[in-house]
Amino acid sequence: MTTKFEVNGKQVSVDVEPRLTLADCLRHELRLTGTHIGCEHGVCGACTVLVDGEAVRSCLILAVQAEGSKITTVEGLSSDADLSPLQKSFRKHHALQCGFCTPGFITTAHALLTEEPDCDADRVREVLSGNICRCTGYIGIVEAVLDARAAYKK
Amino acid sequence: MKNTFIGQPMERREDMRFLRGRGEYVDDVAMPGLLYAVILRSSVAHGRLISIDASAALKVPGVHSVITAADMPGGPPIVPMRLQPLPEFKPFEQPVIAHDKVRYVGEPIAVVLASSVAIGEDALEAIAVEIEDLPAVADWQTAAKNKSVLFEKPGTNRSLVFQARKGDADAAFANAPYVRREHLRTGRHYGLTMEPRGVMATWDDAAGKLTVYGAAKVPFFNRRILSAQIKLPVESIEMIENDVGGGYGARGEFYPEDFLIPFAARHVRRPVKWIEDRRETLMAMNHAREEECDLEVACARDGTILAIRGEVHTDMGAYMRTNGAVGARNVSQFMAGPYRVPHVKIDSSLWMTNKTPVGTYRGPGRFEANFFLERMIDMIAADLGIDRIDFRRKNLITSAEQPYPIAHVQPTDARDEYDSGEYSETLERALKEIDWPKLSKLQGKLIDGKYHGLGVVCFIEGGGAGPKESARIEVNKDGTLSVYMGTSSVGQGVETVFAQIAADALEVPVERIHHVYHGSTAYVSDGYGAYHSRSTVMGGSAVLDATNNFMATLRQAAGKRLGCAESNVALDIDKVTGGGRSMELSEFAELTAEGAFLNKKHTYSYGAHVAHITVDARLGRIEIVDYVVVQDVGRAVNPLTVKGQVLGSLVQGLGGAVLEDLKYDENGQFLTGSLADYLLPTATDFPNLRCVVLDDYPSPINPLGVKGAGEGGIIAAGGCMANAVANALQSFGAQPLQLPLTPTYIWELVQAGQKQAAE
C-alpha cells in the first residue's frame, strides 16, 4: 500500500507491504542506510530516528504508521560541508569505534539536547541507556553529549 | 617533521563517515537481481536428521530455491581450524550444513533463497524436517560420562587435553608448606557485535569469478578455506571487507554461512545476500568462556608462590571451530598471569556438548585465568596473614627477569616468554590513582545500607601474533599517498593509526596519506588480519618496512629522472628533490612498494585494575564508585584510541563479570535468544571508570616498540569485581567462586553467610 511521509525535509511516497518496518523502508526502499538494524526487537536503539522530533525505534513501527509524519534520520542531521557540533563532539571525545551504533546515539542525543540543553550527566546516561554500544563503554559518548550542550542552548 | 604524529591523540579519520551515516556495512551494499538467503536452523540440540521436505516451501510465491546438503556433491565441506589445527581435532570439525546429525540448536539445515527476507522467513515454516531425538549433552559433566556421544567415530566427547608445563609442579606441591585448592567457574559469553554478521556473494559465470562481500578479520585465510571448499583457485575469489560493526574475536572467522552463501550464488547464478538477525546470531556466532577449574596454589609462609596445579574443563559446544581451541589453550598457559611461578602443571580438557560451538572472544582464556588465580590470591593472602597487595608485590615479575619464560603447552609445543616490563609499577600507579590508603578503611564497612569493598588484580595481555603482515604504499594521481594493508579493520581505528605511522616514517603531513585501504584481498599479496591484538604491532611494523621500500623505489625512479645519485633524492611533502632539481610527486603516480614484517614472538602489555564498589546485600546489587585501569602498552601510537580500547574492553569485561551469561536447559534448549535475556551493559550501569595508559617499557621485539593493547580492560574485570565483592561482604564470609556476579548469586552468598553465622 502507498504511504506518504516526509524524510529529511523531502516528501516521499512509497509503495510498501503493510508488514514492512519503518527501519527496512528507510534502508531498503529509500536507501537511507545510515539507520542501522541491530536487534529488531527494540532493545539496542541502533535504528533510532526522529519522528516529529521524538526519538523512535524504527524497527518497532511499521512504515505505514509513519503516514503524514516528519522523519529525520542521521543523514538529515548531517551536511557535506562539515560535521555538526554534536558530531564534532563525538569525534573529539572518541565516542565511537566501529560506528554501527553511532547513528542511533546521534539521533537520540540530538532529541535530548534539543529538548533539554541543560541536562546533567545522570540525565544523559538515563536517556542513552536505551541504546547499546559494545565498543566504547559509553564514557566518551556521555562526555561528548555533555560537551555538545552549548551548541543547543538558544 | 620527524616523529610528529606517533604519540599524538589524533581524532580518527574513520569518524567522518560513521558520524554522518555514510559508513558502508555489508547490508548497505545494494545489487541488482539479488536473492535473499534465510537459514533454517535446528530446533533440536542432538538428533539424527531423517528427512527434509522442502516441497511446500518451494510453492511459496517468491521462493527461488531451497539448498540442503543433498545439493552438495560429495557431501557438505568441513570448516577447517585456523589456529591449533591439530589432527586430534579433525573428527570434531563442523560441516557447513547438517547432513546426518544435528548437534546444537541453531545448526544450519537448509538455505531458502527468496525475493525478500520476509518471504524467505515465511517459507522456513513450510519446510518439514524430521529429526530423531538423541540424549542431549548440555554440560561438560554429562559430556565426561561419554554415555551420549556427539561423534560416534572418535567415541568420546573429549577432543583434547592441553597440558601446560613448567618445572616440576608435583615435586613442588609435595614439599609445600601451604596449599589451597578451590573450584571456580565462569559464565558463557559471546563477542556480541552490534552489527550482526552478513555475507553477500556474486558469481560472474563468464569470468569464473566469485566476489564475497562482508569479509572481516582474516579475509586472506578465509579465501583459502573457501577456495578449497568450493574448488576454485584463490585468484578467482575476491574477498571484500566493508565497514565492520565490531569484531571482538568473534566476527570474521570462517562460519558455515561463509561457504553457504557463496555456494548459493554460484549454484543459482544470482547474487545472494544473507544478513543475520539478532536471535540467529545469539545461537550461530561463536560462544566463549564457559570454563570451570579445580586450581591449587602452593606457597611459602612468606607468600612466595611456589607452584600452581590444576584441571580446567571447557564447554566447547558442538564442534571445533576455526579458533575454538584458543580459550582452552590460553587458560592453561596464562594461569600464572604476571607472576613469578617456577612450577606450573595445568591440564585443560575440551569437552564437546550440544551447544553453539565456541571460538575466541576478546581475552580468550585470559579473562578466565585471571579470575581463577586472582580470586585465589585474595583468599591465600588472608590465610597467610599477608596484605593482598604485598602478596602481589612479592610475586610480580620484575624487569630484571625479562624476558621471562612461561609455561609451554603440549601438544602445540608453544614455547613463549614475556618481553619487557616492570609489572609492579602499574600496580603502584593504580593504587595511587584510586587513593588506596584513604579508601582502605572503608573495606567491609556498611554505610547507608551498602557495604563498601575494594578489589585489586594484576594482569598480562598477549598480542602481536605472527607470522607476518604486509603493507604497500602507492603514489596517487594527485600526488597524495595511499596505504594498502593486509590487516583488517573491525572498528578499532586502524586507518588513523596506520596513517600516523606512515606519515611519521615518510616525514610528510598526515593529510598526505589520503587513504588507508585494508581487509580486501586485492590490496596486498598476502595478509593475515586482525586478531590477538596484532594490528598495530604487526601491521604498523609492516607499514614501516613498506615506507623504507617505498623510499628506495622512489629514489631509484627519481634519481634517473632528476639525473642525480639515488642517495641525493629526498621526498619533500608533495615534491621529489635531488641534484638541485625538483619534480611533483604526482609525476610518480602509481609508483608503489610493498613491505612486510615477520615475527614469531609475542608482545605482552600488562597492568592493574583497582575498584571501589558498594554492594546492597538485600538486593544483591553492585555499584561501582570508582574503577581505575593502568596499562603499560609499550608505546601508544594514538593515546585517544588506546584509551578507547582500554575503557571499551573494560565495560565488556564488567558485562561478563556481573551480567552476561548464555543459558541452556538440560535438553540443550537455548534460553537466551534475545537482548532481553542476554544482558549487556548500558550507559547507566558503569559510569565511574578511568584509565591511565603508560608507555614506559617498549617492546623489544618490533621496531615501533608497541604492544597489543585491545584486551587488557576485559581480562581482569571479572577477577577485580569478584575480589571487590568478597571484600565488601567479608562480614558474611562471602567468597564468590563463579561469574557472573548476578544479584541472585550475591544474595545466595549473603544467605549462606548468615546461615553459617546463626549455626
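Let's start with Arg13 of chain B and its contacts. Leaving aside neighbours within four places in sequence, Arg13(B) is in contact with Glu495(B), Thr496(B) and Ala499(B). Keep in mind that this is a predicted model. Arg13(B) itself sits in the segment before α1 of chain B, the helix at 15-18. Another residue to look at here is Val516(B): 503 residues separate Arg13(B) from Val516(B) in sequence, yet their C-alpha atoms are 9.7 Å apart in space.

Next, the helices. Please find α10 of chain B, residues 366-384. I will take two of its partners in turn.

On the α10(B) side the contact has Ile377(B), Asp378(B) and Ala381(B); on the α11(B) side it has Arg388(B), Phe391(B) and Arg392(B). Sorted by type, the residues of this contact are three nonpolar, three charged and no polar.

The other partner is α18(B), residues 717-728. Here the axes come within 7 Å and cross at roughly 30°. That angle is under 35 degrees, so α10(B) and α18(B) are roughly parallel to each other. This crossing, too, is right-handed. From α10(B), the residues that take part are Phe367(B), Asn370(B), Phe371(B), Glu374(B), Arg375(B) and Asp378(B). They meet Gly718(B), Gly719(B), Ala722(B), Asn723(B) and Ala726(B) of α18(B). By type, the residues of this contact divide into four nonpolar, four polar and three charged. Note that Asp378(B) is listed in the contact with α11(B) and also in the one with α18(B).

Last, a sheet. Chain B has an open sheet of three strands in the order β6-β2-β8, with antiparallel pairing. Which strands stand at the edges? They are β6(B), at 101-102, and β8(B), at 128-133; each has a single partner strand, so one side of each is left without a neighbour in the sheet. Strands of a sheet pair through backbone hydrogen bonds, either parallel or antiparallel. Between β2(B), residues 47-53, and β6(B), the antiparallel pairing runs over two bridges. To find one of them, look at Arg48(B): its bridge partner in β6(B) is Lys101(B).

Technical notes:
Residues numbered from 1 in each chain as written. Chains lettered and ligands numbered in written order. Predicted model: local features only at pLDDT ≥ 70, side-chain atom pairs only at ≥ 80, totals over all residues. Pairing = 2+ DSSP bridges. Helix = DSSP H or I, 4+ residues; strand = E, 2+ residues; numbered from the N terminus. Axes fitted to C-alpha atoms, helices over the stretch in contact; angles between N-to-C directions. Contact = placed C-beta atoms within 7 Å. Nonpolar A, V, L, I, M, F, W, Y, C, P; charged D, E, K, R; others polar. Parallel < 35°, antiparallel > 145°, perpendicular 65-115°, else oblique. Left-handed = near helix turned anticlockwise from the far one by under 90°.
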